[in-house]
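Dear colleague,

Please find below the structure that I am handing over to you.

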Amino acid sequence: MGTHSIGITIIHTFQYSPSDSSELKTDSDSHSFEALELSRSQGRSQRHIFGRAPGFGACYGFINSCLQSLVMDRFGQETWDKLSSLPGVQDSFMTYMVYDDMVTLSLVQEACSLLDVSAEVFLKLFGEHFFLFCKQAGYDTMLRTLGGSLIEFIGNLDALHSYLALSYQEMNAPSFRVEMTDDGKMLLHYYSDRKGLHHIVPGIMEAVAREFFDSKVTMMVLNQSEEDERTGKKEHVVFLVKQTKQASKTRDQDLSSHRGEGLFTTLRDRCESLAGTKSGWDLIRAVVLSEKGSVHCTFSPCYPDKLWVEEKAFCDAFPFHIVFDEDLKVRQMGVNIQKILSGLQARDATLDQNFTIIHPQVTFTIESIRKFINSQFVLKSCKDKHTKLKLRGQMLWMESLGCMLYLCSPKLRSLQELQDVGLHLADLAQHDVTRDLVLLNHQRLAELELTNQLERKKEELRILSQHLEAEKEKTETLLYAMLPRHIANQLKDGKSVAAGEFEVCTILFSDVVTFTSICAACEPIHIVHMLNSMYSKFDRLTSVHDIYKVFPTCLKVETIGDAYMAVGGVPVPTESHAHRVANFALGMRIAAREVPNPVTGKPIQIRVGLHTGPVLAGVVGEKMPRYCLFGDSVNTASRMESHGVPDHIHLSTSTYSALKDAGFNIQERGQIEVKGKGQMTTYFLMGNLLVSEDSIMGRDDGGTCLYREDYGQSEKEPDGRTENVLRDTSSDGVIAPDPSQIDPMAPFAWDITSPFETNDNSYNTSASYFNSRLCVLI
């Protein structure tokens, strides 16, 4: 989009506070909202109004940042997040970076599509917002000083763009020309290289008139065509501008009105007193003289009878000026023009042979120049390839001589360009502000380059910060897989984690039946694949039932390949710990049937043991801290697994007591001899009569939760964070899980060392193993 009006290329960082509201904000320009709604109701015929014509160039990131500000400020942060997530749309822009126009056009089109508005309405909104964007960026004073009226303001826009181009060479600004018709109508001519963007102009002009001139402007397109007499900016749109004062008057306006009425009364009384003795012009002259100058006439300049300037003094005072006639033949020039471009002194030299018009982009004829005589003209020398001189100045038509005076000075951006054209500061006239401009702009360019570098570094840091945040999330995910979340957070903060006693929890142990035989008959990689498939399914079930997976080790810290341990009620106490672990065990048995034995190809079988009792838990170690469980309850749970039966879930008496009235199908096994424990009455868990298999496996589409205590409330973790759980309950009190709330588990690569040997008879396990068991929670 380049630089569409009012300093659209004013490159500056703008800070704003986007609203959280997704609704459109309106100020005094409430018509914008009405137009927006009307656009939504009338369809999208103009959405692709932009012509992707050749000649599209580039624009600074300031324009894209303004578009971002418009969406965020008027439609909310969420809308911008949706827009920036679309393909081909960036989420941030660097103010000083030059972007291809197609980036901007794509952003506008995607915004129109997302917001469901036409391009015309959106561009007008952009025009209004852009004016405020520039004001808040710190350019309010500069814009106010462009002119005392709207006509003067528009007439100086090209001059402002020309000044800004000294610092920003890539800008491609539109051009504006005001024409007053014989019947007093105001026409605004808009020229641009980009088709379809003229809807921005009414938005800007309405905001300017409202903010600076306390008036209301309405604009209507009279004509839209391609300009034949221009060499560039072919898009030519003519607007009819109607300007009316606002209804409200200020105190100063009221005072001025009263003064005018008083003056009129005084003049009327004076005329009546003199009417008897004077008439005509004598009466008017008497009234004026009697008021002693209280009636002021409009200023009228006074010109001398002859020009009191010597030819030589004029050429020295204005070393860069050219006078040419209607045939473009050079009649006169300044001394420095003669020095640099000696070819102009030839007898029949014409201006178009030595220069090309850079701005405005019109054909090099006297008629075109006179038509755009209020514009600032930039000429570039073209005859001498070694000379890169550019002249910038004003055209003045001298009717009596039939000649045009081009009063100009070199267009320079820096001291380096001054040297490149072979000039020195001494060659510039003392009164020419180009001297000061070159020095100031040289410093300005250095500051701009530094600012640009800082912005690039800022963008690099932002990207690095995003990558760092992504890596941090990966690290935290791995850490939370090894330690409970609140325990890990305390360790990250450098705090010590004190050991704690849990009065009651339910512990689960399981192993694979005939695992030793399977290992002897298979390649290690087949064992890894089998365990990975089985444990991935188990890990998912821990999220379904909200229990913690525990990795069991013996006191020698030797990995036990086929053993799997989980606990409910630790580290976050919960009343339904036994129900959770029981349902988890049922899910384990179902999941194990989906994993084939690598030797026989049949589903593998597991033994599961459960026990409920007290444990002590705490963090052990510094280099590799582990959250460990200690106590006889761990040993008892292990014995329930080792003394169990393949494809059965073995329960201790305490676990049976916690489950007997909860709708579970439980069968008594009777008394058995348990190593180190003596005679124990144990039970088999056969199923859950109240919950379907899909609910246990977390495949229920109902989105319900299994446990009544979680329904309609928030669980608070020990570190103070609240985790909202959206769940529904059924009539029987059984609640199924929401699959969307299940945390996806990352796949694990299993390291198989000497496996824990299990005896198929389940009663001959070495007693030394059961003396104590250390359980590591990960």
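In what follows, a residue is called buried when its relative accessible area is under 20%, exposed when it is over 50%, and partly exposed in between, with a 1.4 Å probe and protein chains only. Helices (H or I, at least four residues) and strands (E, at least two) are DSSP runs, numbered from the N terminus. The model is a predicted one, in which local features need pLDDT of at least 70 and side-chain atom pairs count only at pLDDT 80 or more, while totals for chains, interfaces and linings use all residues. Residues are numbered from 1 along each chain as its sequence is written, and side-chain values use heavy atoms, with hydrogens and water left out.

Overall composition

The protein has 778 residues, of which 47% count as buried. Its secondary structure comprises 23 helices and 23 strands. With contact taken as heavy atoms within 4.5 Å, residues 24 or more positions apart supply 68% of the contacts that have a separation of 6 or more.

An enclosed helix

Helix H7 (residues 157–164) is largely enclosed by the rest of the structure, because six of its eight residues are buried. These are Leu157, Asp158, Leu160, His161, Ser162 and Leu164. Which elements cover the buried residues of H7? The cover includes the helices H5, H6 (150–155) and H8, together with the strands S3 (175–180), S9 and S11 (390–398).

Aromatic pairs

A pair of aromatic rings is described by the distance of the centres and the angle of the planes. Here, rings of Phe, Tyr and Trp (its six-membered ring) pair if their centres lie within 6.5 Å; planes under 30 degrees apart are stacked, over 60 edge-to-face, and the rest tilted. In one of them, Phe131 with Phe212, the ring centres are 5.2 Å apart and the planes stand at 75°, so the pair is edge-to-face. This pair links distant parts of the chain, since Phe131 belongs to helix H5 (residues 119–144) and Phe212 to helix H8 (residues 200–212), 81 residues apart. Both Phe131 and Phe212 are buried. Phe212 also pairs with Phe213: the centres are 6.3 Å apart and the planes at 90°, so this pair too is edge-to-face. Phe212 counts as buried at 15% relative accessibility, and Phe213 counts as buried at 11%. Phe131, Phe153, Phe212 and Phe213 form one aromatic cluster.

Helix packing

For the packing angles, axes are lines fitted to C-alpha atoms, for helices over the stretch in contact, and angles run from 0 to 180 degrees between N-to-C directions. Angles under 35 degrees count as roughly parallel, over 145 as roughly antiparallel, 65 to 115 as roughly perpendicular, and the rest as oblique. A crossing is right-handed if the near helix is turned clockwise from the far one by less than a right angle, and left-handed if anticlockwise. For residue classes, Ala, Val, Leu, Ile, Met, Phe, Trp, Tyr, Cys and Pro count as nonpolar, Asp, Glu, Lys and Arg as charged, and the others, Gly among them, as polar.

Helix H19 (residues 524–545) packs against helix H20 (residues 577–592) at an angle of about 150°, with the axes 10 Å apart. H19 is therefore roughly antiparallel to H20, and their crossing is right-handed. H19 contributes Lys537, Phe538, Leu541, Thr542 and His545 to the contact, and H20 contributes Arg580, Asn583, Phe584, Gly587, Met588, Ala591 and Ala592. By class, six of these residues are nonpolar, four polar and two charged.

The axes of helix H16 (residues 434–482) and helix H17 (residues 485–492) come within 8 Å and cross at roughly 120°. H16 and H17 are therefore oblique to each other, and H16 passes H17 in a right-handed crossing. Their contact involves Glu476, Leu479 and Tyr480 of H16 with Arg485, Ala488, Asn489 and Lys492 of H17.

Backbone details

Two cis peptide bonds deserve a mention: His359 to Pro360, with omega near -10°, and Val570 to Pro571, with omega near 0°. Pro360 is in the loop between strand S9 (355–359) and helix H14 (366–371), whereas Pro571 lies in the loop between strand S15 (564–568) and H20. Leu328, in the loop between strand S7 (321–325) and strand S8 (330–333), has a positive phi near 65°.

Yours sincerely
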